[in-house]
Amino acid sequence: MSGAHGSTVLRIFIPGDSQIHRLSPETKLVAVVAAVIVMAVTPRQEVVAFALYAVGAWSVIALSGIGVRTYLKRLAVIIPFILFAVIVPFLSGGESVQVVGVSLSVDGLWATWNILVKAGLGATMSIALSATTPVAELLHGMTRLRVPRLLVAIIAFMLRYIDVLVEQLGRMRRSMVARGHDPRWLWQIKPIASSAGALFVRSYERGERVHQAMLARGYSGVMPVVNDRHASTREWLSVMAYPFMFAVVLVVVV
Amino acid sequence: MPASSVVVRDLRFRYPGEHHDALHGLSIEVAEGERVAVLGPNGSGKTTFVMHLNGLLAMQSGEIRIGDLPVVEDNLREVRRVVGAVFQDADDQLFMSTVREDVAFGPANLGISGSELDELVERTLKRVGADGYADRNPHHLSGGEKRRVAIATVLSMDPHVLILDEPTSGLDPAGRRELIDLLSGLAQTQLIVTHDLPLALQLCARSVIVSGGKVVADAPTVELLSDVELLAQHRLELPMGFDPSRL
């Protein structure tokens, strides 16, 4: 319960004062979603369009000042998709090409490219958003975008308590290890499973206590709006220029 | 800063499915601005009792009044404004993503918004010595900071009565002293549920012992803590070497 070690949520945001940091969260959120949609609907063989998108996405990363190393480290989340993608050319049928003696499906190679480029660009945009926007701000942005408040509250509670939960799990694990538990094999999973059960019960109890704490401060079923500052039209226009340019690229190139 | 009296008469309560009353005809009167320590062993009904004061547990039998305000279903909104409850685990009390939102939660529920709300939050944080914490994540505060911010979350509603459940548990000695300084500077009527007997002595001129669901002793704290036999009967013990009469 004490200490600030090992927080998962807070480290995602990188404090800074770049142009991208200063944009209001709701505009960033909408722009990222719009840009990702444009990328997703772009036909996979439009290599020029993807090249231009990449220039756009990387320029955002550069402007945000989060650094190439951090960017690449975070980009690693797409590695599982890459692993999946590289299998495809070996398994797909149809027309094939010979690459150093191995027969690869042309269709499969395009599929791999499609997954790689879209996952990469999508992740890049998400990294730019999450690294420059504090989580609390992002939630405010969602409220201002009229995302149902109950939904925002559920996400907020999840983010607020995930670290508490992880700590609790860590304490339970330590207490098991302290008593000689050394899980290595699947058949040793029983204590883990029962601790997951205990964690569930504890979380449920915490939920009840939090609800009481909310009632005690006048909660009546609706989360109050604490921050109601809205983004200006100018801000909207300048941010939405990005996905708009992407859309223009799509229309011109295709 | 207004304070209210608290009057509780013959409070009885049984948790659903239990065979024994958790509260067994508990009565107490607390004057405006008075600080009273509520002592007693684990499971004696202390927490059950204080949860009634702002209507978190629905009364089954008895009567509670906060000033002129009876604690009944129809008044709950007002009752919860005038009675601020600070829970034992600050992680339950601080449930929003930032300290600012947590301190603003109560007043926002009361309809305060905009710059008035912002100023209120700043002012309240300053009062508990936590100015500059507004944008921090509650999870990243130390135990003592969490406790002070938890108190700020109810002070921002301008309560007349404060209920504190084990306010010093888990605090380091300096954090404990800072908390005592803070509480002794507040004008509200305070009911402090605690096992920390020196704290009771330091903060409260009067203490009650709750045992078996009712008040079994009600006296000046010095007197109460000097009665070793009485304390022992209710599983209470002073720290070794602590002599209340020498303070």
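In the predicted model, the buried residues of helix α6 of chain B are covered by elements that include the strands β6 (83-86) and β7 (161-165) and the helices α3 (90-93), α4 (99-109), α5 (114-127) and α7 (173-184) of chain B. Of the 13 residues of α6(B), 12 are buried, so this helix is largely enclosed by the rest of the structure. The buried set comprises B:Gly144, B:Glu145, B:Lys146, B:Arg147, B:Arg148, B:Val149, B:Ala150, B:Ile151, B:Ala152, B:Thr153, B:Val154 and B:Leu155.

The pairing of β5(B) with β4(B), residues 61-66, is antiparallel and consists of 2 bridges. Within this part of the sheet, B:Arg65 is placed opposite B:Pro70 of β5(B).

Between the two chains, 31 residues of chain B are in contact with 29 residues of chain A. On the chain B side, α2 (76-82), α3, α4 and α6 each supply at least two of the residues that touch chain A. The most is given by α4(B), with 6 residues. The side of chain B that touches chain A is made up of 11 nonpolar, 13 polar and 7 charged residues.

Chain A has 10 helices and 2 strands, which follow one another along the sequence in the pattern α-α-α-α-α-β-β-α-α-α-α-α. The radius of gyration of chain A is 23 Å, whereas a compact globule of 254 residues would have one near 18 Å. Along the principal axes, the C-alpha atoms of chain A fill a box of roughly 60 × 55 × 30 Å. Buried residues account for 24% of the 254 residues of chain A. Of the contacts in chain A between residues at least 6 apart in sequence, 79% join residues at least 24 apart.

Technical notes
Residues are numbered from 1 along each chain as its sequence is written. Chains are lettered from A and ligands numbered from 1 in the order in which they are written. This is a predicted model: local features need pLDDT of at least 70, side-chain atom pairs count only at pLDDT 80 or more; totals for chains, interfaces and linings use all residues. Two strands pair if DSSP finds at least two bridges between them. Helices (H or I, at least four residues) and strands (E, at least two) are DSSP runs, numbered from the N terminus. The radius of gyration is taken over C-alpha atoms; the globule rule is 2.2 Å times the number of residues to the power 0.38. A residue is buried if 20 or more other C-beta atoms lie within 10 Å of its own, exposed if 12 or fewer, and partly exposed in between; C-beta atoms are placed from the backbone. Two residues are in contact if their C-beta atoms, placed from the backbone, lie within 7 Å. Ala, Val, Leu, Ile, Met, Phe, Trp, Tyr, Cys and Pro count as nonpolar, Asp, Glu, Lys and Arg as charged, and the others, Gly among them, as polar.
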